[in-house]
Amino acid sequence: MYQIFSYNLDIAIEAIKRNKLRSFLTSLGIIFGVASVIAMLAIGTGAQQEILSNMQLLGTNNVIIQPVAEQSEGEVEDSEEEFLNQRRFSPGFTLEDLYSIQTQIPHVQAVTPEIIYDTQFIRAGQMRSGKLVGVNDRYFDINNFEIHSGTNFTTLHFEESIPAAIIGHGVRTRFFPGEDPIGKKIKAGNVWFTVVGVLQERQLTSSQIENLGIRDYNQDVFAPAESVLLRYGNRALVTNRDVQAAQAAENNPNAEVQRDRNYHQLNRAIVQVTDNSYSVTIAEIISRMLERRHNQVVDFEIIVPELLLQQEQQTRRIFNIVLASIASISLLVGGIGIMNIMLASVVERYREIGVRRAVGAKRQDIQLQFLTEALVICVAGGFLGVVVGIGFSYIVEVSAGIVSIVTIGSILISFGVATLIGVVFGYFPAKRAAEQEPVTALRHE
């Protein structure tokens, strides 16, 4: 069997060499088809990897709560006074809300606040604007941060409101070049913080920052939430300035009333659930709880990152299937081209077929000869297509900035389909060649 296959392979290669240009043009459909499929699958795999990376950033088991301006509806009020009288009071989104969520809702594993203040970081004559973020000790675990050096916040830091800080990698590079920042101080606004930890650098792309609505955490300074509230101000408290503003508005009805003041104690909060299957249900429970605690005022929004990422994943999956289907058409066209050329080759080689039949070749031998020739063209085109596909994927990644990952699976699938096309579309011409009678073939001019 091996000798028969080797003999037919030699004949097929010799026939291809006699018609190099035609054989190359015949294989172009296979080359571009395989290259297109590999490139499309590479782009799809890259998109899938990007989604998984985004899931890791946002957390698959997380529910995000963000305070917003009060959402109201109904008829237009006749006067400013009626609006003020009918407007319900909300205490805003506070640490007490988070405590209630953690203690009263089942399957809540951990919660963490974010209290964000824009300020200036100062040290050793250098200054840079940045964000001071008030958090708790679970913040870094929930957000998959790694502490590169130093330690996490301890219970003492929260109970005593000690001005301790954990800094991002970018802050360390800017203010502590070539030295260990642990135990040293950095000034944020008017407060000096002692550095107790440094975060591992987190690689973030501009698209992730823009599309996911996250910050560049490498440039942040993190401090205990209680310490931030004590030293930077608690927006949930009513101050003398608020009282004076309310009195001024009452004494002067024509004055413009400020309604967009941020009265929320927290800027953001993350609730981590024990299993992502509970995310949607817990998000609904949190919504009802906060609405009740805020006196039926809807001044918050709840985001389930997993649902958003699943929708994006489904959209990209459909898009990738469409692209792969379009690319597969090139393989189909290539197969049709091979069948067309092989049929023409059979007609041209009637005398060769007649001679081989006359000297004892069986129909099976003639069929195997032409089938092998079609298969060689497809296999050679498949190899070239793999090389072109890998190169095209690299060009797309470099020029368009799209992540593309070529996998062994995509190469095997594309090459396997190309081989299958060689067998399927080469079978009919081979069968037609084998059906020729020796006498008729020998008389053909």
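This is a predicted model: local features need pLDDT of at least 70, side-chain atom pairs count only at pLDDT 80 or more; totals for chains, interfaces and linings use all residues.
Ground rules before we start. Local features need pLDDT of at least 70, side-chain atom pairs count only at pLDDT 80 or more, and totals for chains, interfaces and linings use all residues. Residues are numbered from 1 along each chain as its sequence is written, and side-chain values use heavy atoms, without hydrogens or water.

Cores first. A nonpolar core means buried Ala, Val, Leu, Ile, Met, Phe, Trp, Tyr and Cys residues joined through side-chain atoms within 4.5 Å. Buried is under 20% relative accessible area, exposed over 50%, partly exposed in between, with a 1.4 Å probe and protein chains only. The largest core has 39 residues. I65, I101, V271 and I286 touch the most other members. Take I286. Leaving out residues up to four places away in sequence, I286 touches V63, I65, I101, I105, V271 and I302 (contact: heavy atoms within 4.5 Å). A second, separate core has 25 residues, including I16 and A430.

Now the rings. Phe, Tyr and Trp rings (for Trp, the six-membered one) pair if their centres lie within 6.5 Å; planes under 30 degrees apart are stacked, over 60 edge-to-face, the rest tilted. How many aromatic pairs are there? The count is eleven. One is Y139 with F222: tilted, 5.5 Å centre to centre, 40 degrees between the planes. Both Y139 and F222 are buried. F140 and F153 have centres 6.1 Å apart and planes at 50 degrees, so that pair is tilted. F140 and F153 are buried too. Ring pairs link Y139, F140, F145, F153, F158, Y217 and F222 into a cluster.
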